[in-house]
Amino acid sequence: MPGSRSVLRSIVLLLAAGSASALAQTYPTKPVHLLVGFTPGGGVDINARLLASKLSELIGQQAIVENRPGAGTNIATELVAKATPDGYTLLFTSPAVAINMSLYRKPPYDALRDFSGVSVFSESTNILVVPASLPAKSLQELVALARERPGALNYSSAGPGTTQHLAGELFKLRTGTNIVHVPYKGSAPSLTALIAGTVQLSFVNPVAIGQHIKTGRLRALGVAGAKRSALMPDVPTMKEAGVEGVEVPLWYGLLAPAATPREVVRKLAAAVATATSSPEIRKRLLEQGAEPVGNTPEEFDRQLRDEVTRWAEVVKVSGARAD
């Protein structure tokens with residue numbers, strides 16, 4: 001009997017492998033859905049739609065972006081984590097997927113167990129921005145203002161667990177200031193509140209703020225990254241402006257449910273890599289202050305593991321919580 005069970009198990013595994021191989025050969029035969037845990041108009045959404053437009057052309061099926069905001073991106077992330085692992089329901093996300101592993105006490109998914117990395121589409125960073133109505137003309141003037149008026153200044157974010165949220169908490173920690181976090185349901189309403197002066201500062205991706213900087217409605221004070229943004233070369237890094245330890249790298253990537261056939265994951269990764277090498281896509285990304293990536297599934301898996309560890313340390317140091 002033990003021998004029979006072993007033979008049966010081998011047959012089942014062979015059939016499963018054959019089925020996965022057949023799926024990969026014909027994939028895709030219908031539209032592919034990219035779920036985004038943010039509202040339209042923000043950096044994640046803009047990058048998702050940019051990729052989807054090229055992906056539709058490359059895979060021969062429509063790539064549809066679906067915005068499922070809420071619960072600090074956990075709604076969209078959980079939906080994909082529990083979706084049928086056939087390559088038709090994917091997650092286009094940011095470091096939020098890694099941040100939430102430590103920001104929430106009981107996240108409804110495990111970033112490392114429930115997902116397979118497909119490819120990182122692009123990398124960028126957030127920039128500390130204030131409304132033009134705020135008297136602070138430099139980062140040091142903002143810090144001085146915040147220290148003079150503890151608890152009076154507010155900073156907005158696209159929601160708990162976003163890089164905007166963690167950048168704000170790190171900024172408070174490194175400058176010894178008391179600034180109140182005001183989370184919004186997405187980047188668009190967060191940006192609207194900033195422009196209106198409802199909040200006094202925010203960490204925003206250059207993808208979403210370039211036009212507002214040019215028109216003078218917003219003022220950029222510092223880049224939360226290791227180097228200046230190509231889109232705004234005159235804006236110093238936070239370190240150059242006198243505040244160290246507020247580096248919040250930002251990436252946008254594609255994840256699949258963990259059990260998705262490896263051949264399907266590789267086919268999608270190849271399509272993303274082709275998209276990022278497209279002169280049109282590269283030009284669009286660089287114009288928005290982002291850099292194209294297009295790495296392998298294995299590289300993204302390693303990056304995701306490093307991100308979970310890195311953000312757990314940031315959450316611990318900052319004391320940030322979402323529940």
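**Reading the model, feature by feature**

Q: Is Thr73 buried or exposed, and what is its relative accessible area?
A: Thr73 is buried, since its relative accessible area is 4% and buried means under 20%. Please keep in mind that this is a predicted model.

Q: What is the phi of Thr73, and where does Thr73 lie?
A: Most residues other than glycine have a negative phi. In this model, the phi of Thr73 is near 80°, a positive value. Thr73 belongs to the loop between strand S2 and helix H3.

Q: Which value does phi take at Ala71, and is Ala71 buried, partly exposed or exposed?
A: The phi of Ala71 is also positive, near 55°, although Ala71 is a residue other than glycine. Ala71 sits in the loop between strand S2 (63-67) and helix H3 (74-81). Its relative accessibility is 44%, so Ala71 counts as partly exposed.

Q: Where is a cis peptide bond found?
A: As a general rule, most peptide bonds are trans. Here, Tyr27 and Pro28 are joined by a cis peptide bond, with omega at about -5°. Pro28 lies in the loop between helix H1 (2-26) and strand S1 (32-36).

Q: In what order do the five strands of the open sheet lie?
A: Strands of a sheet pair through backbone hydrogen bonds, either parallel or antiparallel. The five strands of this open sheet follow the order S7-S6-S8-S5-S9, with mixed pairing. Strand S7 (180-183) and strand S9 (218-223) are the edge strands, each pairing on one side only. From one strand to the next, the twist averages 30°.

Q: How many bridges join S5 to S9?
A: Strand S5 (residues 127-131) is joined to S9 by five bridges, and the two run antiparallel. As one example, Val130 has Arg219 in S9 as its bridge partner.

Q: Where is Thr39, and which residues is Thr39 in contact with beyond its neighbours within four places in sequence?
A: Thr39 is in the loop between S1 and helix H2 (43-59). With those neighbours left aside, its contacts include Asp45, Asn67, Pro69, Lys185 and Ser187. Thr39 counts as buried because its relative accessibility is 14%.

How values were computed. Residues are numbered from 1 along each chain as its sequence is written. This is a predicted model: local features need pLDDT of at least 70, side-chain atom pairs count only at pLDDT 80 or more; totals for chains, interfaces and linings use all residues. Side-chain values use heavy atoms; hydrogens and water are left out. Two strands pair if DSSP finds at least two bridges between them. Axes are lines fitted to C-alpha atoms, for helices over the stretch in contact, and angles run from 0 to 180 degrees between N-to-C directions. Buried means under 20% relative accessible area, exposed over 50%, partly exposed in between (1.4 Å probe, protein chains only). Contact means heavy atoms within 4.5 Å.
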